[in-house]
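Dear colleague,

I am handing over the structure we spoke about, and I would be glad if you could look through it with the notes that follow.

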Amino acid sequence: MKKQLIIRGVPFLGTLRFPALWRSFCCCSSSSSSFAIKNVTKSNFDSSLYDLRFHVRDADFVAIDLEMTGITSAPWRDSFEFDRFDIRYLKVKDSAEKFAVVQFGVCPFRWDTQKQSFVAHPHNFYIFPRQEITGDIAPHEFLCQTASIDFLAKYQFDFNMCIREGYYCYVPGSIVRIYTIFYKKRPAISLTGFTSRQLRLIQWVIRNHFKDLLYVRASGHTSSPRHIIMYVESGKDRDLQLKEVKDCTKKDAETKIKAAIGFRHIIDLLSSEQKLIVGHNCFLDIAHIYKKFIGPLPSTSREYASSIQKYFPRILDTKVLLNANNFFQLILKKSSTSLSRAFALLCPHIASGVNTSELADKRRVKVEVQVDEKRSLNWNSGAKHEAGYDAFMTGCVFAQACSLLDIDFNNNLPAVHLASHDKLQKYINLLYLSWTNGDIIDLRTGESSAVSVGFNILKSRVEKVSFSNIVLLWGFPSQLKLSEIRECFSKAFGSNSVTSIHSVDQTAVFIQFNKAELVSHFLELKETLEQSNDPVLVLHPLAKILEGGCTRAADYEVYREICSSPISKVLFADQAEAVGINGKTKLPETVSVSNAEKQEEDAMRVPSDNGVQPDTADETAMDKLNTEELDSFCPLEAQLSK
């Protein structure tokens with residue numbers, strides 16, 4: 001069971017303590033150079049943004065990568081084989097809504113025709129949710145997944161820098177204090193710890209009884225204002241001081257508004273320049289970008305795709321590219337296409353500085369790294385799983401892949417033309433929605449792109465998943481094993497009635513029948529058995545599953561309803577109850593099973609028109625399930641009303 005840690009938007013430097021961890025920048029060979037990556041915090045954000053504008057404007061493409069505090073908010077929100085396409089989107093949506101982004105890597109790549117190499121500018125932004133503007137806005141809150149935090153710590157993530165250079169809240173003490181200070185080079189009195197009513201009273205007394213004193217509410221270095229009583233020489237001096245305080249307050253407010261916008265400046269920059277955005281297995285990254293810096297995530301993948309395309313019309317997932325091309329698969333030896341492995345095998349000259357004969361020299365892409373005034377053609381910071389360095393690796397993999405596809409960078413075309421290149425077109429805007437199950441989303445439509453993506457894909461759906469045949473069962477006796485549950489159903493409906501059974505967590509399972517009508521048959525039978533007082537029914541094969549009276553069951557659409565809820569419970573049974581699905585049985589709406597099955601089978605026979613096609617004829621297209629058509633036969637509203 002994954003443990004979760006809730007971090008609230010209040011000072012908690014004592015809650016999450018890690019030693020100051022510094023990056024070790026190691027050289028893999030004597031020919032490689034190592035110097036620190038460009039770390040960007042709130043102290044150097046403005047200057048870094050200024051330089052980055054020019055780098056992005058001149059870039060042929062921009063590689064990105066994000067580091068988060070977690071991936072899944074509960075074990076049952078992991079990616080399952082029995083997750084329909086729309087369910088997979090809802091699980092990604094939940095992840096982006098629950099967890100925080102702590103690092104954002106941005107690395108523009110520009111082709112230098114004179115040097116015949118790319119020039120990369122890796123930036124590593126530290127991000128921490130902070131509340132720059134005080135008011136009635138609720139404090140920020142996010143989850144931490146212990147496995148993710150351990151992973152970041154393993155690779156020496158600097159938590160202290162992330163928190164310290166992020167937002168911190170100054171909370172005045174409850175003790176009333178009056179002490180003398182110098183404000184604008186003149187003696188003054190600072191008031192601390194008074195209530196708002198007391199401060200209004202002090203202000204009234206000074207305004208009506210002390211002509212040579214002025215009460216001001218001045219902006220301070222923290223998020224809280226300073227209440228000050230200062231001496232003035234005349235009425236003209238009073239007006240002058242009031243004007244200066246007003247101007248300072250306005251300037252401070254503008255600064256705070258700018259700070260509150262924060263990293264959104266980077267997102268606006270990437271969006272306005274309309275560059276090709278390159279990521280590796282980056283759908284979750286893009287979802288985080290949308291949620292954190294654009295707006296609430298839409299409830300459906302179609303709405304999401306339509307909206308994200310307005311901001312980033314051209315996105316390329318290098319993991320799709322590598323798995324959809326047989327030539328790359330041969331280089332990768334049909335093994336893992338993780339970013340670090342792809343970087344090591346496709347770009348060994350960059351990863352280690354050691355020459356290799358696996359790739360012809362004329363096709364090997366050179367990348368020169370520039371960080372401030374430092375430049376190197378053999379740069380290796382050795383900071384794996386740091387967002388800025390991972391973005392650099394992603395860009396190098398993409399550049400090398402383009403070279404292997406015989407794309408000529410010497411044409412000196414702008415980035416929009418690179419994204420429109422005929423050898424890249426079939427990969428643009430196709431992202432892995434779930435790498436575990438091989439689902440690809442087409443951002444042009446928001447629908448599944450049911451395609452074959454090469455050798456390294458989980459094609460082992462031995463039995464086709466038919467969602468209309470699935471029953472969701474939860475709350476059964478905890479001691480039951482999957483084999484025992486299958487045996488109960490086999491005895492009740494026949495030895496071949498259940499094609500597969502899959503665990504959601506220790507409190508819930510999916511049961512897939514061989515016929516859709518068995519779903520309603522089981523749900524009706526379950527309700528009958530639970531309502532009957534006949535003692536003979538204890539001998540029924542399903543009695544073991546229904547023992548205790550807490551067993552719940554529903555069809556697949558209820559699973560979607562539960563997954564769409566923002567509530568986060570660790571156990572699925574608790575989640576269902578929290579969402580309000582606590583009835584013993586949710587009977588499905590009566591539908592034409594034959595028509596639904598026909599629609600599903602037709603959808604699975606139709607390949608995607610705009611999906612990635614395999615390079616060899618013997619590669620068969622992955623089955624496609626048209627979930628929208630299936631949904632139309634089983635509307636959620638009808639089920640709830642029933």
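**What was found**

A hairpin connects strand β20 to strand β21 by way of two residues. The model is a predicted one, and the notes below should be read with that in mind. Strand β20 covers residues 498–505 and strand β21 covers residues 508–513, and the two pair in the antiparallel sense over six bridges. Within this pairing, V498 has F513 in β21 as its bridge partner.

F572 is, with F104 and Y304, one of the residues with the most contacts inside the largest nonpolar core, which has 68 residues. The element that gives the most to this core is helix α8 (residues 283–293), with seven residues.

Helix α8 packs against helix α9 (residues 301–311) at an angle of about 75 degrees, and their axes lie 11 Å apart. Because angles of 65 to 115 degrees count as roughly perpendicular, α8 and α9 are therefore roughly perpendicular to each other. On the α8 side the contact is made by F283, I286, A287 and Y290, which meet Y304, S307 and I308 in α9. Of the residues in this contact, six are nonpolar, one is polar and none is charged.

With best wishes

Conventions:
Residues are numbered from 1 along each chain as its sequence is written. This is a predicted model: local features need pLDDT of at least 70, side-chain atom pairs count only at pLDDT 80 or more; totals for chains, interfaces and linings use all residues. Side-chain values use heavy atoms; hydrogens and water are left out. A nonpolar core is a set of buried Ala, Val, Leu, Ile, Met, Phe, Trp, Tyr and Cys residues joined through side-chain atoms within 4.5 Å. Buried means under 20% relative accessible area, exposed over 50%, partly exposed in between (1.4 Å probe, protein chains only). Helices (H or I, at least four residues) and strands (E, at least two) are DSSP runs, numbered from the N terminus. Axes are lines fitted to C-alpha atoms, for helices over the stretch in contact, and angles run from 0 to 180 degrees between N-to-C directions. Angles under 35 degrees count as roughly parallel, over 145 as roughly antiparallel, 65 to 115 as roughly perpendicular and the rest as oblique. Contact means heavy atoms within 4.5 Å. Ala, Val, Leu, Ile, Met, Phe, Trp, Tyr, Cys and Pro count as nonpolar, Asp, Glu, Lys and Arg as charged, and the others, Gly among them, as polar. Two strands pair if DSSP finds at least two bridges between them.
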